[in-house]
Amino acid sequence: MKDTIETLTTTAKYLELFRTNREQIGDGDPDFVKDLREQGIRSFEKTGFPARKAELYKHTHLEPVFDGEFSFDFSPRKIAFDDNDLFLCDVPMLDAHVLTVLNGVFHHPGKSALHELDNGIIVGGLREAIRRYPDLVSAHLGKIAPLDKEAFVSLNTAFAQDGIFLYVPEGVQMDKPVQIIHLLLSDKNQMVHHRNLFVLEKNTTAQVIICDHTLSPHMFLTNSVSEVSVGEHADLDLLRLQNEHNNSCQVTNTWIRQERASHCQHGNITLHGSMVRNNLHVKMEGEGASSRELGLFLIDKLQHVDSYTVIEHASPNCTSDQHYKGVLDDASTGAFHGRIHVHPNAQKTEAFQANNNILLTDTARMNTKPQLEIYADDVKCSHGATVGQLDEDALFYLQSRGISRDESRLMLMDAFAQDVLSKIKQPSLRDRITDLVGKRLRGELSRCNNCAMHCDEE
Amino acid sequence: MTDQEKILNEVTDNDYKFGFHSKIETETIPKGLNEDVIRLISAKKEEPGWMTESRLKAFRHWQTMTMPDWAHLQIPDIDYQDIIYYAAPKKEAKYQSLDEVDPELIDTFNRLGIPLEEQKQLAGVAVDAVMDSVSVKTTFQDTLAELGIIFCSFSEAVKNHPDLVQKYMGSVVPYTDNFFAALNSAVFSDGSFCYIPKGIRCPMELSTYFRINTANTGQFERTLIIAEDDTYVSYLEGCTAPMRDENQLHAAIVEIVAMENAEVKYSTVQNWYPGDKAGKGGIYNFVTKRGICKGDNSKISWTQVETGSAITWKYPSCILKGHNSVGEFYSVAVTNNYQQADTGTKMIHIGKNTRSTIISKGISAGRSQNSYRGLVRVLKGAEYARNFSQCDSLLLGDKCGAHTFPYLEVDNRTAIVEHEATTSKIGEDQIFYCNQRGIDTENAISLIVNGYAKEVLNKLPMEFAVEAQKLLAITLEGSVG
C-alpha cells in the first residue's frame with residue numbers, strides 16, 4: 001500500500017465537513033429541517049460542484065473558489081461589533097423595517113428574534129420561525145427551490161443556519177418596506193450559507209430590499225438561497241443591491257413561485273464583488289401572473305458577474321418582461337444566460353427579454369446567451385441581446401456642446417443605466433441607487449460609500 | 001374545428017412526395033465498421049496510401065470519442081456496426097453522353113423534377129449528380145476545364161490533384177473536430193471537389209444532387225471548395241431521398257477556403273426523408289459545414305432551406321480570419337410531424353473589420369421541435385467587428401416547439417454584436433386582414449408563410465429558388481399552393 005495522503009475532491013471535502021459536523025449543524029432543528037439537510041447533502045453528493053465545462057456554469061467556475069480555505073460557523077459566533085458605526089448605509093428618507101443579518105445569522109441584540117406585527121405580519125429570523133411556526137415554515141421551506149436541480153441550493157439546504165423569514169397574511173398590505181442588510185464581518189476568511197423565506201398570502205403587497213455588504217477585508221464566500229412564494233393577487237417588489245468588497249465571492253439563488261394574477265418585480269443591482277453568480281428562477285404557476293426582472297451591473301478591475309435567469313411560464317396568460325444591462329470596464333468579465341421557458345399549455349404568453357452590454361476596454365469580456373424554449377403556439381416572445389460600446393455620434397454631439405469627453409461618457413453611461421433604474425418603484429430608493437450608480441460610474445464609490453473601512457483600496 | 005385549423009391540418013398532413021426507390025443495382029460491402037472495412041473502402045476507391053492512412057487516423061480518433069449530447073434533440077441510439085459504409089452503382093461507366101446513362105437513373109431525376117437535360121440547358125448549370133456514393137455524371141466539365149476550374153468528384157480529385165487535396169482537406173474541419181467529422185473523415189465515400197484558380201469568376205452555378213439510394217447505407221459525403229484570390233463561385237447542393245423505413249445516417253463534411261477577395265456562395269436545399277407521420281423512419285442528418293475566409297476582403301455566404309430529415313444537426317460556420325471579410329448565414333428550417341432540427345451557425349471574428357449577418361427563420365408544425373443554436377465570437381484582435389443576428393420562429397399548431405439558443409462571446413470593445421429573436425404564430429388579425437381583402441384563409445396562410453421566408457428564399461440562386469419553393473410546398477402544401 002502506498003502511504004501518500006489521498007487528496008479529497010472539493011465535493012468530498014464538503015461532504016466530509018457535513019458528516020463530521022452533522023450534530024452541530026442540525027443542533028436544535030426539528031425533524032423536517034433535519035430531513036431537508038439530509039436530502040440536500042444527498043443530492044449534493046450526486047451532483048457535486050458543476051464541472052468545469054458544465055453548460056450552465058461555462059463562464060463561472062466556482063469549484064476552485066469553494067476549494068479555498070474558509071472557516072464556517074456551525075453556530076453563531078460572537079464578533080465584536082458596534083451597532084452605531086455599523087449602519088450608516090441606510091437609505092435616507094426610507095422608513096423601513098431594518099433587519100440585519102450578520103454572517104448569515106439574524107442579528108437582534110436585545111430584541112426578540114421574531115417580530116409579530118399587529119396585522120399578523122411575522123418577520124424575523126428563520127431559525128426562530130422554524131421553532132415557533134413549524135407548520136407555516138415547513139409548508140414552504142425547501143418546496144420552492146428544488147433540492148435536486150442546483151448544486152448550490154443543495155449545499156445551502158444542508159448547511160444554512162439562519163436567514164430572514166417574512167410572512168404576510170391574507171389581505172395585508174405592508175406599509176413599510178423590509179430592508180435586509182446582509183453583513184459580513186470576520187477576523188478570518190469566512191464562508192456563509194444563509195437562507196431567506198418570504199411568503200405572501202392572497203391579496204397582499206410587500207416590498208423587500210436586500211443589501212449585501214462586507215465590513216472587514218477578509219475573503220468571504222456567500223452562498224445564499226431565497227425562496228419566495230407570491231400568492232394570488234399578491235404583489236411583491238424585491239430588490240437586491242450587491243456591494244461587497246472586491247475580494248469576495250457571492251452565489252445567490254432566488255426561487256420565486258407565483259400564483260394566479262400575482263405580480264412580482266425582481267431587481268438585482270451589482271456594484272462590487274469579485275465573483276458574483278446570481279441564479280434567478282421565476283415560475284409563474286398560476287394563470288395571469290406577471291413578472292418583471294431587472295438587472296444592472298457596473299464592474300471593473302478583475303470583477304466577474306454572471307447572471308443566470310430562468311423564467312418559466314407554466315400557465316396561460318402570463319407575461320414577463322426582463323431587462324438586464326451591464327457596463328464592463330478594465331479586465332472585468334460578465335456573463336448573461338437567460339432562458340424563457342414556455343410550457344405546452346401556456347397559451348397567450350407574452351415574454352420579452354433584453355440584454356444590453358457596454359464594453360469600455362479591450363480587455364473586458366462579455367458572454368451572453370439569451371434563450372427561448374417554447375412549447376406553446378399562441379405566444380408572443382422575443383429576446384434581444386447586444387454587446388457594443390458607447391455611441392460615437394452621441395459622444396460627438398455632447399462634446400460639440402462643450403461637454404468634456406469624460407463627462408459625456410459618464411452622461412451616456414448614466415443614461416444607459418437609467419433604463420433599469422427608472423423602473424425601481426420606491427422613489428427614495430430609486431434616488432439612492434441612482435446616486436450610488438452615478439458615484440460608481442465616477443469611480444467615487446470604493447465599496448460602500450459610508451463605510452469607513454475602505455478595505456479594497458490598496 | 002375552425003377553417004384555419006382545418007387548413008393547417010391539411011397543410012401539415014401532407015405526405016412526402018419523393019418517396020420512391022429506384023432499382024439500380026448497387027454494389028455494397030458488409031455491414032460494420034473496423035479498420036479492415038476502411039481499408040476495403042479505400043482499396044475499392046483505388047486510393048493512394050496517404051489517403052488510407054488519413055482515414056485510419058481519423059477512425060482511431062473516432063473510436064475515442066462519444067456522440068455529442070448537447071443539442072436539443074432526442075437521438076435514438078445508433079448502432080454504428082449495423083451500417084453499410086459503402087455502396088456504389090454497379091454500372092460504373094464513364095458516360096460521354098446522357099444516352100449512355102442508365103435510363104432508370106434518368107427517370108429518377110425526372111421524377112424529382114430535375115432532369116439532367118433540362119438542367120444542362122437551364123442557365124448553364126453544371127451538375128455533378130451523386131447517386132449514392134459514386135459520382136455518375138459530371139456535366140460541363142469541359143467548359144469549366146477551359147477556364148482552369150476543377151469541378152469533379154472527390155475521388156477523382158484524390159487521383160488527379162493529390163497535392164491540392166492533401167493541402168486543403170481537413171484544414172477547415174480537421175478529423176478531430178467532432179464525432180461526426182471524425183466518422184466522415186474515416187469512411188467518406190465520395191463527394192465533390194471544386195477549385196477556382198486565381199482571378200476566375202465561375203461563369204455558371206455549380207451544382208450537385210445528393211441522393212441516398214441503397215437501403216441501410218449511411219451516406220458520407222465530403223465537399224471541398226477552394227477559391228483562390230479574386231474569384232467568385234456559387235455552389236448549389238440539393239437533395240431528396242426516397243421513402244424508407246429504417247433510419248439512415250448521413251454525416252457529411254463541407255469545407256470552403258476563400259482566399260483574398262474571393263467570394264463563395266453555398267446554397268443548400270435539403271429534403272431528406274423526414275419519417276412518416278408517426279415519426280417512424282427518416283434520415284439522421286449530422287453535418288459539419290465550415291468555411292474559412294482566409295484572405296482579406298473575402299466572403300462566404302451560406303443559404304439553406306431545410307425541410308427534410310428526421311433529425312438535423314447542422315451548423316454551417318464561417319471563420320472570418322482575413323481583414324474586412326464577410327460571413328453570411330440565411331436559413332429557413334421547416335419541421336413537421338416528429339421531425340427535430342437543431343441548426344444554426346457559428347461566426348468566429350478574428351480579422352479586423354469583419355462583418356457577419358445571420359438570418360434564421362424557423363417554422364414548426366405537428367409535434368416537431370425546431371431549435372436555432374448559434375455562436376458569435378469576437379476575438380481580441382477583431383477590431384470593429386460587426387454582427388447582426390435575427391432569428392424568428394413561427395409556430396403552426398400547439399404541440400410543436402421552437403427554441404432559440406444564441407451564444408454571444410465578445411472580447412473586444414469596438415465590436416458591435418446584436419441579436420434579436422421573436423416567436424409567434426400566424427396572427428388571427430393578419431388572417432382577418434387578408435380575408436377582409438378577399439383572400440381566402442388558405443391563400444392568406446400561404447401569403448404569410450411566403451413573406452416570412454422570403455428574406456431567405458431571395459438569397460437563393462434563381463434556378464434553385466424554384467425548387468426550394470417546391471420543397472417548402474411539400475411540407476406546407478395547400479398553403480403555398
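**View 1. The overall build of chain A in the predicted model.** Chain A is made up of 11 helices and 21 strands. The radius of gyration of chain A is 22 Å, close to the 23 Å that the globule rule gives for 458 residues, so chain A is as compact as a globular protein of that length. Of the 458 residues in chain A, 51% are buried, and among the contacts between residues at least 6 apart in sequence, 82% join residues at least 24 apart.

**View 2. The packing of helices α3 and α8 in chain A.** Helix α3 of chain A, which covers residues 31-47, packs with helix α8 of chain A, which covers residues 151-159, at an angle of about 145° and with the two axes 7 Å apart. The crossing of α3(A) and α8(A) is left-handed. On the side of α3(A), the contact is made by A:L36, A:R37, A:G40, A:I41, A:S43, A:F44 and A:T47, while α8(A) contributes A:A151, A:S154, A:L155, A:T157 and A:A158. Sorted by class, the residues in this contact of α3(A) with α8(A) are 6 nonpolar, 5 polar and 1 charged.

**View 3. The overall build of chain B.** Chain B has 12 helices and 24 strands. Of the 481 residues of chain B, 57% count as buried, and for contacts in chain B with a separation of 6 or more, residues 24 or more positions apart account for 84%.

**View 4. The contact between chains A and B.** The contact takes 31 residues from chain B and 31 residues from chain A. On the side of chain B that touches chain A, the elements that give two or more residues are β23 (401-410) and β24 (416-425) of chain B. By class, that side of chain B has 13 nonpolar, 10 polar and 8 charged residues. Strand pairing also links the chains, as strand β20 of chain A, residues 365-374, runs antiparallel to β23(B) and is joined to it by 6 bridges. Within this pairing, A:T368 has B:L408 in β23(B) as its bridge partner.

**View 5. The surroundings of B:V410.** Residue B:V410 has its place in strand β23 of chain B, and B:V410 is buried, with 28 other C-beta atoms within 10 Å. Leaving aside residues up to four places away in sequence, B:V410 touches A:L359, A:R365, A:M366 and A:V387 from chain A, together with B:V378, B:A415 and B:V417 from chain B. The C-alpha atoms of B:V410 and B:A382 lie 9.7 Å apart in space, and these two residues are 28 residues apart in sequence.

Technical notes. Residues are numbered from 1 along each chain as its sequence is written. Chains are lettered from A and ligands numbered from 1 in the order in which they are written. This is a predicted model: local features need pLDDT of at least 70, side-chain atom pairs count only at pLDDT 80 or more; totals for chains, interfaces and linings use all residues. Two residues are in contact if their C-beta atoms, placed from the backbone, lie within 7 Å. Helices (H or I, at least four residues) and strands (E, at least two) are DSSP runs, numbered from the N terminus. Ala, Val, Leu, Ile, Met, Phe, Trp, Tyr, Cys and Pro count as nonpolar, Asp, Glu, Lys and Arg as charged, and the others, Gly among them, as polar. Two strands pair if DSSP finds at least two bridges between them. The radius of gyration is taken over C-alpha atoms; the globule rule is 2.2 Å times the number of residues to the power 0.38. A residue is buried if 20 or more other C-beta atoms lie within 10 Å of its own, exposed if 12 or fewer, and partly exposed in between; C-beta atoms are placed from the backbone. Axes are lines fitted to C-alpha atoms, for helices over the stretch in contact, and angles run from 0 to 180 degrees between N-to-C directions. A crossing is left-handed if the near helix is turned anticlockwise from the far one by less than a right angle, and right-handed if clockwise.
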